[in-house]
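Please look over the sequence and the structure shown here before reading on. The report that follows takes up helix packing and pairs of charged side chains.

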Amino acid sequence: SNGVLIDKSTEYYEKIGKDICRKNIENIEYRENYAFSGKSMLLKSFEHKSFVSACQATKEWKRKLLEVADILMSFGPDSVFFDQMAGHRALLCYDESHLHGKRVDMEAVSRRENMKAIRARVTEKTCFGSEYVVDCFAQYLDYNHGDKYASSYDPNAFPEMLRNTFPEIILTNRGLHDERADFKKQLNYAFVYGRRFDVAIYRCRGSIKDVPDYQEHLAMLLKLKEKYKKYFYYGKFAIETDMALPEEVKKTEYVNGEDRLFVFWNTSNDDVKFTALGERFEIKANEFVLLERSKTAG
């Protein structure tokens, strides 16, 4: 379900939504438009579905969110997902009749309370997820779908800060929907940084069988994750070991008790040689090696 949008063409908008939606400083509702090609490519260009965004600081929207949560839970799902809540852009709401009053910066407090209330409606056997990530909201979620600025590999991305500060947050590698030119590098990036794979082929308009090379590479990575699940699923992301490495080599660490897994990834298009932890490594372009330092393994 979406946790924010209200369809302007509905009776709900006419009776309730127009009063509880976010307003700008001129007291005019913010309008959001989305274009998809479900009806036709022509209408994708000329017809954009119109929505307003609900202000989280209204009693009615909290009631609606909980009503939707109960409907979703009635199906006995593995997971419930509320889009656009956990880190999607927030708009300042100037409608003083809402709970935030004149404090346009206080809507986030209500959003946090709404997510906490949804969390209470979701049983322990069901996961609760949402889109993107903000630390104060993530505490109520089992997983966050992407994190906007570092979901995929980029030379300027610095995922270590978030992952090291909040290692308990489960993140997906949102957005890799096909066999684009760098898909193996993007899958490797997700693996090295401990992300869960978002396998939404052609934005869920296809299956993994439609991208055989993607399928083969992903299967290899999942087998490695299973082999080292002690670290990837039950360990902690913690970059604590300082060492000198070639600029093109990324290093991550996973800790479980006194045992540690090091992952060295060559992000360049050339083979690289280096020494670390008393070992000599030679890693081919866009490949990685794993080194376990485990007391239980001797």
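## Terms and basis

Buried means under 20% relative accessible area, exposed over 50%, and partly exposed in between (1.4 Å probe, protein chains only). This is a predicted model, in which local features need pLDDT of at least 70 and side-chain atom pairs count only at pLDDT 80 or more, while totals for chains, interfaces and linings use all residues. Residues are numbered from 1 along each chain as its sequence is written, and side-chain values use heavy atoms, with hydrogens and water left out.

## Salt bridges

The structure holds 23 salt bridges, each being a side-chain nitrogen of Lys or Arg within 4 Å of a carboxyl oxygen of Asp or Glu. One of them joins glutamate 279 to arginine 293, with the closest N and O atoms 3.8 Å apart. Because glutamate 279 lies in strand E11 (residues 279-283) and arginine 293 in strand E12 (residues 288-293), the pair ties together parts that are 14 residues apart in sequence; strands (E, at least two residues) and helices (H or I, at least four) are DSSP runs, numbered from the N terminus. Glutamate 279 counts as partly exposed at 34% relative accessibility, and arginine 293 is partly exposed with a relative accessible area of 35%.

Another salt bridge, 3.0 Å from N to O, is formed by the side chains of lysine 23 and aspartate 95, and both lysine 23 and aspartate 95 are buried.

## A partly exposed leucine

Leucine 162, which lies in helix H6 (residues 160-165), counts as partly exposed at 24% relative accessibility. Leaving aside residues up to four places away in sequence, leucine 162 touches Val133, Asp147 and Leu171, where contact means heavy atoms within 4.5 Å.
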